[in-house]
Amino acid sequence: MGTRMEVAQLESRMNTKDYGKLQRLFLDSSGVSRSLSRVEFIDLAWSTVGRGSKEEYGLLFDSVVVAQEHRGLLLDIDAVKEEGRVDWGGLCSFLLLELSDKVKNTRPLRAPCWKSPHTLTCPHRDPVQKVLYLQSSGQYLTVSRGGTVGLRDGEDMSLMSTHRLQNCTVAPKDLWVTDMVLLQNVHKMAVSFTSKEVCFYDLLLLTKQDFSCQYKLQGLKFTPWCLDYWVAPSQPDHAVLTIGDTGGQVSALYFTSAQISLFERLSLRMDSDSADIILWDDLVKGKHHFCYTVTHQAHAPAWVRKVRYLGSLEAFVSCCTAPQSSMVIGWREKESRSIRVTSFFTERGVWDMDHHCGLSLIATAGVDHQVLLWNPYVTSEPVCVLSGHTSPVTAVHFMQAKHRLLSYSKDKVLCLWDVSSQLCIHRLAGVFPTTQEDTHTLLYLHEERQHLLLSFNSLLVLLETVKEEKKISSHEHPVTCVLYNSLFRQVISSDSASSVICWQADTGQRVKQFHRCHGNAEISTIALDGTQTRLFTAGADGEVKVWDFNGRCLHRMNAGLGRAVDISQVLLLKRSILVMGWDRMLTVFRLHSFSQSFVEPSEWKGGVQHRGDVLCAAFQPPQTLVTGSYDGEIIMWNSSTEKALKRLRPHAEHEDNRRKQDNCIAITRLFFIPGRTSATATTGATPLLQSLHTVSMKGGADLVSCGGSGVVQLWNTQYGCLLGQFTAHNKDLGSIVMTVSPCGKYLITADKEGTIKTWDMKDYCLKPGEKVNEELPKLLRSFCPHLDQVTHLETCLYGDRLLLLSSSSDCSVALSYLPGDTIGLFGQDHWCLERSGPLQGPEQDQRDPRGRENTRLEGKRSPATLGESNTDPGHDSAAEEGGERIKDEECERKTEVDTSEP
């Protein structure tokens with residue numbers, strides 16, 4: 001079966017019209033719903049919709065079937081199960097829950113911090129019926145049941161003025177407002193009354209004394225109870241006013257020339273308010289050419305509690321407290337004024353509902369204490385049930401930008417739900433004013449200003465959230481690994497939500513992103529092949545996938561043999577690929593097995609040698625392989641024969657200390673120190689290079705390891721002994737991560753608090769001693785570009801400079817100069833790195849000691865550089881004057897020697 005990434009690419013190319021075509025495929029000639037087999041679906045979708053290949057539609061079909069099997073969504077007919085068929089509801093649910101990038105299942109759940117509720121000065125003596133926001137003036141508008149309109153300042157919520165709605169149809173004492181909406185494209189507002197009429201007022205006259213009615217829509221059969229108004233985004237002349245009444249009827253008024261005139265003046269009939277009288281019967285009979293009506297009575301005889309016109313669906317949705325018609329969607333038929341109605345059932349009916357445009361979900365506030373989320377195309381059952389209220393839910397409101405939902409119940413409890421996880425992340429109770437049991441409560445949210453207004457009869461209460469500092473994040477989820485691709489000059493990072501992002505190294509800006517590479521499974525680590533054109537991603541689902549940089553999955557490696565396993569490292573050798581992290585034996589894939597898309601592992605000839613799970617490995621050409629395990633043991637192998645050669649163990653006294661530390665002895669990282677290894681051929685090298693390469697032969701350290709308790713150890717692989725050991729970070733912080741610079745001068749370590757340290761390893765453990773060296777190497781820099789655990793470190797060459805990449809659980813990827821000046825976080829305001837000439841930190845001089853001009857970093861510094869970097873007082877600051885360049889001292893001498901050779 002295909003990958004979710006490939007299916008997501010097909011889904012992203014389709015638009016609303018394409019989905020409409022797909023929906024019609026699931027209707028037979030008589031309009032009855034049907035299911036399709038794989039062959040039927042592929043042929044029909046490819047010929048009708050296009051947008052993709054038959055193979056892609058086949059992948060989509062297979063993904064839906066698998067998702068249905070896991071969720072139990074297949075139809076209950078045995079024949080359908082055997083054949084593997086898909087209906088429209090199953091396809092919609094899959095696209096909604098499995099592929100939508102907008103529903104991130106692993107999003108960190110952060111509850112808002114609310115200020116204390118503030119009761120506003122209110123001019124109303126009777127219940128507040130509606131709160132609206134005037135976008136043009138930035139003010140709030142409230143209206144009470146008795147017709148008093150209040151205008152409030154949008155900043156401090158102070159009351160600016162009050163006005164009285166004029167309506168001569170009824171006596172002032174009998175005036176009863178039921179609802180109000182803004183007609184923003186024509187600068188008017190529509191108000192419904194219990195006198196069975198809808199009045200239209202000019203907002204431009206709101207601040208004047210003559211705030212009179214312009215139109216009166218009369219002759220309605222029932223009392224209009226709720227209103228909604230929608231304007232076409234690209235055609236402001238086209239608008240829809242929807243009315244729900246106490247007789248269970250939903251009526252939609254379609255305006256086709258709203259900005260010219262809402263209604264035609266058929267007669268000179270006016271009332272004492274000088275308002276033009278518009279009769280409902282005239283609208284129904286089509287006497288107004290620029291306005292026509294569409295109605296249904298699916299709720300009768302129950303009262304319609306709320307109406308909304310959904311422009312994205314070209315349908316209007318309504319709700320009531322009758323179980324059989326708790327929610328009704330009226331679908332407008334193309335090129336017709338007829339309505340197709342679908343009804344949704346709940347146990348005891350619905351008080352309120354709201355729609356999320358991006359997720360295409362409808363939330364309902366149930367009398368049965370439940371909040372339900374519905375797919376508008378599936379009437380049989382809700383997508384999910386949000387349980388937590390203990391009394392009838394009276395109001396729901398989506399937070400469109402954050403994919404969250406607010407719900408309020410009769411017992412004065414406000415809940416905030418995360419839609420993707422379906423969890424209540426905040427519950428607010430006991431802070432609202434004490435009122436009568438039958439209190440009329442209204443909920444209004446202004447997301448941009450972070451204002452939440454609740455009415456309790458005539459009281460108006462303001463809830464504000466404490467504004468959070470804008471945090472720079474590279475990912476929306478914890479970052480697990482980061483690499484540098486020198487071929488494309490891009491940085492590649494992965495996260496716990498199975499996403500991969502490619503960044504431009506010289507600017508820090510995002511180039512492309514691949515979502516759900518392993519479905520819902522976390523990507524634990526990534527690797528590049530030798531050509532740097534193939535990316536390997538290891539998922540918690542037990543698979544390693546091979547991708548090209550167009551987002552196409554080329555191979556799936558069955559590392560876990562069908563099981564979910566924790567993969568810690570993928571190591572690419574010349575003829576094989578090693579995968580490890582969950583077993584005492586290495587899992588190996590031979591390159592000759594990659595003729596198939598699904599690759600099974602081969603047998604590791606060396607068998608089981610470790611007593612604990614293998615966590616990491618390092619390779620030194622031509623054939624030296626070392627592996628480290630959970631129990632702290634390191635084994636050397638011949639990578640060609642796959643036979644174990646020797647075990648590296650500490651001296652006896654250090655072995656006893658390790659055993660006392662229980663689980664803190666695990667080896668999590670292994671690196672050969674460049675320039676020190678005896679395995680590298682030295683034929684034809686200069687005397688200087690030969691001296692570097694024979695460090696191991698002379699007994700010096702050529703391998704470094706780290707792991708639990710913040711300990712770093714240095715080993716000699718030639719004689720299999722421990723030479724040096726020091727504690728780089730606080731042992732109470734647990735395991736650390738590390739990397740080594742290409743020339744072997746720098747060792748970089750990082751801990752769970754986000755602290756990174758750079759150590760000078762140039763002269764450390766070059767010769768063996770009588771006992772293990774426990775002195776600290778020279779600390780060059782300690783800095784903190786992250787707020788949480790550092791998950792991976794990587795050095796990269798950019799021009800003549802050595803840079804450090806670091807990823808963290810705080811969702812960020814940082815770029816720093818070595819030995820330690822943070823440039824910024826990927827995803828922030830862009831920076832500019834020049835490849836020509838050596839770069840330096842922005843706070844340093846523009847010339848290095850050799851008189852060469854350095855290019856300064858352009859752009860803003862990241863706020864993630866938490867204060868100044870801490871420098872060890874004992875180190876030689878002259879070594880860093882003018883900024884560190886990529887070639888450390890040994891590398892420069894090597895270059896000088898090489899260029900002097902004939």
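Here a residue counts as buried under 20% relative accessible area, as exposed over 50%, and as partly exposed in between; the model shown in these views is predicted.

View 1. Because its relative accessible area is 24%, Lys-306 is classed as partly exposed, whereas Asp-352, with 9%, is buried.

**View 2. Asp-179 and Lys-130 form a salt bridge.** Their side chains meet at 3.0 Å, N to O, and since Asp-179 belongs to strand β6 (residues 177-183) and Lys-130 to strand β2 (residues 128-134), the pair ties together parts that are 49 residues apart in sequence. Both Asp-179 and Lys-130 are buried.

**View 3. Arg-556 and Glu-543 meet in a salt bridge.** The N to O distance is 2.6 Å; Arg-556 lies in strand β37 (residues 553-557), while Glu-543 sits in the loop between β35 (535-539) and β36 (544-547). Arg-556 is partly exposed at 23% relative accessibility, and Glu-543 is buried at 11%.

**View 4. Strands β44 and β45 form a hairpin.** Five bridges join strand β44 (residues 634-638) to strand β45 (residues 643-648) in an antiparallel arrangement, with Asn-638 paired to Lys-643. Four residues lie between the strands, and Glu-642 takes a positive phi near 60°.

**View 5. An open antiparallel sheet contains four strands in the order β54-β55-β56-β57.** Its edge strands are β54 (790-798) and β57 (821-825), and Tyr-817 stands opposite Asp-821 in β57.

Note on methods
Residues are numbered from 1 along each chain as its sequence is written. This is a predicted model: local features need pLDDT of at least 70, side-chain atom pairs count only at pLDDT 80 or more; totals for chains, interfaces and linings use all residues. Side-chain values use heavy atoms; hydrogens and water are left out. Two strands pair if DSSP finds at least two bridges between them. Helices (H or I, at least four residues) and strands (E, at least two) are DSSP runs, numbered from the N terminus. A salt bridge is a side-chain nitrogen of Lys or Arg within 4 Å of a carboxyl oxygen of Asp or Glu. Buried means under 20% relative accessible area, exposed over 50%, partly exposed in between (1.4 Å probe, protein chains only).
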